[in-house]
Amino acid sequence: MKLNVSFTKLFKAVEKMGANPVEIELNLERIEFDPIDVELETSGKEIPLNEIDFDTGLASHKGRQVLLYIKDHSYRDKIKLALKDGSQGNKFHVCDCSTIKDYKKNARKRMDRYIVMNKLTGIFPIAGTNQLTGKYKEGETRLKVCQNCLVHLNYSNFTSNRSAVLNEFNLEKFFSTYSSFFSHLPNSSNEQGVEKYSDDWKQVSSEYRKSQQFICSHCSVNLSTQAHLLHVHHINGVKGDNSASNLTALCADCHRKEPYHGHLFVSRENTVLINQLRKEQGILKNNKWSEVYEYSDPAMYGILKKIEKDGGRRPNVAYEILGDFDEVIAELELAWPKNKECIVINPEDAEVALKRGWAVWSLKQVLDSFPEFTRRVH
């Protein structure tokens with residue numbers, strides 16, 4: 001729709017008042033919403049289990065990370081119990097865990113009972129008929145995550161810290177952890193009631209980053225050539241407190257690893273870029289396990305914890321394969337150069353590594369065959 005409005009009289013009135021004209025620029029950007037994103041973030045979509053993509057080891061649908069659950073709670077009075085207490089309902093799944101594998105193998109079980117969603121609030125629509133009374137009910141409740149999924153991924157080192165991980169499990173943080181695998185990222189949860197930044201935050205942030213010479217206060221990477229990847233973090237968590245003592249500059253990678261920052265989604269491309277700059281500046285090191293965790297993609301943490309516990313050797317983080325003219329032609333998330341074993345997220349990088357004689361593993365392959373993998377990196 002085109003608007004044709006004349007502001008001639010308004011401008012004449014302004015001129016009479018003696019006000020100086022100010023140039024303004026309107027940035028009218030049309031945002032396209034894919035219907036599949038709207039569906040996944042609201043009601044969810046029912047699809048057969050065998051059509052859900054587990055190629056990365058994580059549940060996905062049309063390039064989107066999803067979770068899946070059984071909406072139907074028609075078993076005795078399960079619907080009533082689940083609406084009152086979500087922990088009494090069906091668990092939701094986030095990966096190709098042993099429960100999902102069992103469902104796929106068991107032909108007697110229905111393959112079309114799962115709903116896929118990527119809504120981050122943790123609230124799920126459920127429904128069911130009481131089989132004793134025939135009464136139908138529906139509503140929303142907060143379901144619990146499947147523990148077999150967390151074991152399979154060793155999410156947040158779950159196998160060594162079950163209670164804390166379960167109690168603190170948050171879908172925003174979970175989706176952010178594995179965001180490198182997906183080009184389409186879900187929206188953050190409802191921000192109603194969440195404290196907002198001050199009106200002058202954009203200016204405050206810009207001036208503060210300049211004052212810090214665009215250097216991350218944690219890892220010391222200089223982002224003057226990629227200023228958009230340097231964030232300003234509120235130390236006490238109060239977004240309206242812009243006092244100098246409450247601000248610190250953090251690269252996007254360090255920022256997302258701060259507590260309570262699961263809402264920060266950092267693409268693989270940006271993670272790679274930050275690590276390339278760290279390497280150029282002599283920052284990225286792999287001399288001890290703490291440095292491996294500091295610089296690696298969060299999606300690798302669960303695997304790294306298992307390797308470390310199993311006595312495996314430390315990998316090189318963000319290992320670069322060079323071409324004939326010493327240009328970077330591939331970046332490997334984790335690499336063991338001595339025996340040419342690596343874990344790679346990007347398929348194109350994996351293809352380059354294969355051609356160069358590397359044994360390339362995906363996250364799914366490592367998760368499904370961990371005993372074999374860990375023997376090869378000892």
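**Talking through a predicted model**

Colleague: Which residues of helix α8 are buried?

Modeller: Along α8 (residues 201–211), the buried ones are Trp-201, Val-204, Ser-205, Tyr-208 and Arg-209. Buried means under 20% relative accessible area, exposed over 50% and partly exposed in between, with a 1.4 Å probe and protein chains only. Helices (H or I, at least four residues) and strands (E, at least two) are DSSP runs, numbered from the N terminus. Bear in mind that this is a predicted model, where local features need pLDDT of at least 70, side-chain atom pairs count only at pLDDT 80 or more, and totals for chains, interfaces and linings use all residues. Residues are numbered from 1 along each chain as its sequence is written, and side-chain values use heavy atoms, leaving out hydrogens and water.

Colleague: Why do you say that the buried residues of α8 line one face of the helix?

Modeller: Seen down the axis of α8, they fall within an arc of 125°, so they line one face. That arc is taken from the directions from the helix axis to the C-beta atoms. The face turned away from the buried side carries exposed Lys-202, Gln-203 and Lys-210.

Colleague: What covers the buried residues of α8?

Modeller: The cover includes β8 (230–234) and β9 (247–251), where contact means heavy atoms within 4.5 Å.

Colleague: Now the aromatics. What makes Tyr-69 and Phe-124 an edge-to-face pair?

Modeller: Rings of Phe, Tyr and Trp (its six-membered ring) pair if their centres lie within 6.5 Å; planes under 30 degrees apart count as stacked, over 60 as edge-to-face and the rest as tilted. Here the centres are 4.9 Å apart and the planes stand at 65°, so the pair is edge-to-face. Tyr-69 sits in strand β4 (residues 67–70) and Phe-124 in strand β6 (residues 123–129), 55 residues apart.

Colleague: Why is Tyr-69 called buried?

Modeller: Its relative accessible area is 0%, so Tyr-69 counts as buried. Phe-124, at 2% relative accessibility, is buried too.

Colleague: What makes Trp-336 and Phe-373 edge-to-face?

Modeller: Their rings are 5.5 Å centre to centre, with 80° between the planes. Trp-336 lies in strand β11 and Phe-373 in helix α15 (residues 370–376), so the pair ties together parts that are 37 residues apart in sequence. Both Trp-336 and Phe-373 are buried.

Colleague: How many aromatic pairs does a search of the whole structure find?

Modeller: The search finds 16 aromatic pairs. One aromatic cluster is formed by Tyr-69, Phe-92, Phe-124, Tyr-155, Phe-169, Phe-174, Phe-175 and Tyr-178.
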